[in-house]
Amino acid sequence: MSFDLVIKGGTCVTASEMFEADIGIQDGQIAALGTDLSAPDEIDARDKFVMPGGIEAHAHIAQNSATGGMTADDYTSGSISAAFGGNTCIIPFAAQHRGMGVTETLDLYDSRAQGASVLDYSYHLIVSDPTEKVLTEELPAAFKRGITSFKLFMTYDKMLINDAQFLDVLSVAKEHGALTMVHAENAGMIKWMTDRLLAHGLTAPKYHALSHPALAEEEAIHRAICMAKLVDAPLLIVHVSTPEGAALVQNARAAGATIYGETCPQYLFLTREDMDKPGMEGAAFMCSPPLRDKATQDSLWQHIQAGTFDVVSSDHSPYCMDETGKLANGPDAPFTVIANGMPGIGARLPLLFSEGVGKGRLTLPEFVALSSTNAARLYGLLPQKGTLAIGADADIVIWDPAAKGVISAQNQHDNAGYSPFEGWEVTGLPITTLSRGMRVVEQGALHAKAGHGQFLVRAKFDAGSRKGTAVPEQNFDL
Ligand code: URP
Ligand code: ZN
Ligand code: ZN
């Protein structure tokens, strides 16, 4: 058998096992896993880990912010940063703003993404205006285009939908085999806290964290899970930031509901004390849900180890610290009109590897599951992406477990101009990223051009044998 490229002598890691093998790649796909494979082009992977490339399944790229302005990254810079960070696939959001149709939204994001990404990509659709036409025509049409996941918001005035609308979208998603994702925070609690803070003149960025209490997340996650159970639809709670929220996910799953969970590095590595900075500097660390505290970090790590979370995503939401981004509403703007989010698409995997695998919190297969395989399964990409198997795309990352680095804005390759993880020392780094067998990044240099990345038509959501539990009231013949 002849190959275009062989990765030789590495330790292959999948979500279920580790084994020594060469990987033969032909026409962009894994063609063989074996010994003594050879090709005119070979990569020496001795003493390295060879894994499925990361799938970044929560990123805001070329997206208009709810407070005005645009993310600092477009599909080129966002995907390049992702590739340097060991990812081979990205799934950012296509955001429907009120008054926009879904088809119009997807066309807009197509125009932003086509020819721009260095990595294969898809979108999750954000639904903020579920009109009758959206529910009956446009969502099913989006699904037919292979966009099989949707995000809903329970907060943000310009994005939130009410509970009845939530149930409508869940029902459509269930009917068509799509996965609903939810940003779960109680809008009323946030508004009430915000009004009190503003009434006391407390407008600095650090007060953003107080305005989004942990209870707002707990209440909304509980409500979201109840709605998913009423419809018996699968639901993924994104960016869980509290122990209470994580416990709700864990308990719902244990009780048989098709509930999934995601958390993010910022909740594992940063605290709200990082926001306590002079002037507007704290705005760099503003995100929703907000940063919490050290006890929360410890609890979220325990939940990762217990299997509560299926994915650890970056929630990359890059805004520059200037008038194009965080300060679009003025140099002294109150926290209420500062764009939420922070960059992190390039730092996600080095941090998770170093602090997870390196510190004995995660096994290597668990790292692969959390960074790649579970996202591929949830979002309809397995087995094309997210695994090392014959016939899978050769989307592969080679890690040097001994390489040391320091995270810094200068080595993140994004456009935000800062990194919230500045100065973090990491051991273990991705040294080569292959997309469909092509070197995208090798030894610190970019080799792919914008446009290498292709749009991915994703399969239906498949819960496998996990069927959920119907509630009796849904049976009208009772
Ligand atoms: O603060 C964040 N994470 N902003 C991005 C939008 C979102 O809700 O994920
Ligand atoms: Zn969100
Ligand atoms: Zn987000």
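Let's start with aspartate 315, which counts as buried because its relative accessibility is 6%, under the 20% cut-off. Keep in mind that we are looking at a predicted model. Aspartate 315 lies in the loop between strand 14, residues 311-312, and helix 11. Its backbone deserves a look too: phi of aspartate 315 is near 50 degrees, a positive value in a residue other than glycine. As background, most residues other than glycine have a negative phi.

Now compare aspartate 27. Aspartate 27 also has a positive phi, about 50 degrees, and again this is not a glycine. You can find aspartate 27 in the loop between strand 2, residues 18-26, and strand 3, residues 29-34. Is aspartate 27 buried or exposed? Aspartate 27 counts as exposed, because its relative accessibility is 67% and the cut-off is over 50%.

Which residues are closest to ligand 1? They are His60, Lys151, His183, Ser288 and Asp315, and in total 13 residues surround the ligand. By type, the shell around ligand 1 divides into three nonpolar, eight polar and two charged residues. Ligand 1 sits in the largest pocket.

Let's go through some polar contacts there. An oxygen atom of ligand 1 is 3.4 Å from an N or O atom in the side chain of histidine 58. Lysine 151 also uses its side chain: a polar atom of it lies 3.0 Å from an oxygen atom of the ligand. With serine 288 we turn to the backbone, where an N or O atom lies 2.7 Å from a ligand oxygen. How much of ligand 1 does the protein bury? Taken alone, ligand 1 exposes 270 Å², and the protein buries 94% of that.

Please stay with serine 288 for a moment. The peptide bond from serine 288 to proline 289 is cis, with omega near -10 degrees. Proline 289 has its place in the loop between helix 9, residues 265-269, and helix 10, residues 294-306. There is another cis peptide bond to show you, joining leucine 382 and proline 383, with omega at about 5 degrees. Proline 383 is found in the loop between helix 12, residues 364-378, and strand 15, residues 396-406. For context, most peptide bonds are trans.

Among the buried residues are Arg348 and Glu355, along with Leu349, Phe353 and Val357.

Two more stops, and then I'm done. Alanine 62 is in the loop between strand 6, residues 54-59, and helix 1, residues 75-84. Alanine 62 is buried, with a relative accessible area of 6%. How far apart are the C-alpha atoms of alanine 62 and threonine 76? They are separated by 9.6 Å, and the two residues are 14 residues apart along the chain.

Finally, here is cysteine 12, in strand 1, residues 5-13. Cysteine 12 has 0% relative accessibility, so it counts as buried. If you trace from cysteine 12 to proline 213, you go 201 residues along the chain, and their C-alpha atoms are separated by 43 Å.

Note on methods
Residues are numbered from 1 along each chain as its sequence is written. Chains are lettered from A and ligands numbered from 1 in the order in which they are written. This is a predicted model: local features need pLDDT of at least 70, side-chain atom pairs count only at pLDDT 80 or more; totals for chains, interfaces and linings use all residues. Side-chain values use heavy atoms; hydrogens and water are left out. A residue is near a molecule or strand if one of its heavy atoms lies within 4 Å of it. A polar contact is a pair of N or O atoms within 3.5 Å; within protein, one must be able to donate a hydrogen and the other to accept it, and residues adjacent in sequence count only if both atoms are side-chain atoms. Accessible areas come from the Shrake-Rupley method with a 1.4 Å probe; for residues, only the protein chains shown count as cover. On a 1 Å grid over the protein atoms alone, a cavity is a set of points where a 1.4 Å probe fits but cannot get out, and a pocket is an open set with protein on both sides within 12 Å along at least five of seven lines; lining residues have an atom within 4 Å of a point. A molecule sits in a cavity or pocket if more than half of its atoms lie within 2 Å of its grid points. Ala, Val, Leu, Ile, Met, Phe, Trp, Tyr, Cys and Pro count as nonpolar, Asp, Glu, Lys and Arg as charged, and the others, Gly among them, as polar. Helices (H or I, at least four residues) and strands (E, at least two) are DSSP runs, numbered from the N terminus. Buried means under 20% relative accessible area, exposed over 50%, partly exposed in between (1.4 Å probe, protein chains only).
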